[in-house]
Amino acid sequence: MFTSVKNSMPMSVWYMLISALGFALMAACVKEVSGLGIPVLEIVAARAIVSGIISYADIKRKKISLWGHNKILLIARGTVGSFALMFVYYAVTTLPLAEATVLQYLHPVFTAVLALYFLKETIQRSTIACIVISLLGLFIIIQPNLVQPNLQLDSVVQYPWISIGAGVLGAFGSAVAYIIIKKLTKTDDSSVIIFYFPLVAFPISMIMLGSDFVMPSLAATGLLILVGIFTQVGQVGLTKALHSADANKATAYAYVQVLFSVFIGWAYFSEVPMATTIIGGGLIMVGALINVFWKR
């Protein structure tokens, strides 16, 4: 039965599901290690080290050029991805895991629009339906945080606008990075594309970190390593998905990470999701399933 279901779904879907799970676990580790006093920029640097080692080993295994072909776009991918990651990590460390992930997953909307103009991709009806339904789910989830504070409702939780803004900027930066990745898949191997992220992210994050470096404990070190490992899983799945499907189609599947994050937030961080989060997350999942199974 599992085999028949697997054979009925394109490989890009499976790659994005693996990517979503990897990124959800990564976000959970980021949230946990930040609670141990590790700054966001240091987490970015640590992730870059682990990801760089794994990517370097994979490139050597494939016996291909370490520096790739389209160096300008590769550097651009690394730069955009670095700043997008900083915004995403800040949102994850200052918001509940589910809400931070939902804000991050505005990126399929940005990706679809950017792909229309820069990649000349056609937005299919299934992708439009996914975006509309998912945005409705997004609005339902964040709506309690957008009501006027003078209402003084006990059930309303107000989050810092700087955290919400960071989540949106992280989503936009991720979308730009995905468009660049899509272009790079035509000229460079996925391992080289991934390698350029830590190559650029590490020096940028260390320069910006400056004297705020904190010596991590043994537990924090283990979590930082897990951040890098789960990131690699997410990156490999994402890059392979973009290689086998249109950018706006592939990234729309990634909405399932929201559900992973809701579960992890509830099971590990005791972040009980509100009814709006459950309803909105359900709509997001419906949108993703429509995008997967709607026949052209």
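## Ground rules

Residues are numbered from 1 along each chain as its sequence is written. In this predicted model, local features need pLDDT of at least 70 and side-chain atom pairs count only at pLDDT 80 or more, while totals for chains, interfaces and linings use all residues.

## The inside

Let's start with the largest nonpolar core, which has 48 residues. Such a core is a set of buried Ala, Val, Leu, Ile, Met, Phe, Trp, Tyr and Cys residues joined through side-chain atoms within 4.5 Å; buried means under 20% relative accessible area, exposed over 50%, and partly exposed in between (1.4 Å probe, protein chains only). Helix 2 (residues 11-34) gives the most to this core, with 8 residues. Helices are DSSP runs of H or I, at least four residues, numbered from the N terminus.

Val30 is one of the members that touch the most others. Leaving aside neighbours within four places in sequence, Val30 is in contact (heavy atoms within 4.5 Å) with Ile43, Tyr89, Val92, Thr93 and Val227.

## Aromatic pairs

There are 4 aromatic pairs: rings of Phe, Tyr and Trp (its six-membered ring) whose centres lie within 6.5 Å, with planes under 30 degrees apart counted as stacked, over 60 as edge-to-face and the rest as tilted. Phe195 and Tyr196 have ring centres 6.4 Å apart and planes at 85°, so they sit edge-to-face. Both Phe195 and Tyr196 are buried.

Over in helix 12 (residues 256-267), Phe263 and Trp266 are 3 residues apart, about one helical turn. Their planes are at 50° with centres 5.8 Å apart, so this pair is tilted. Phe263 is exposed at 53% relative accessible area, and Trp266 is partly exposed at 48%.

Methods:
Side-chain values use heavy atoms; hydrogens and water are left out. Helices (H or I, at least four residues) and strands (E, at least two) are DSSP runs, numbered from the N terminus.
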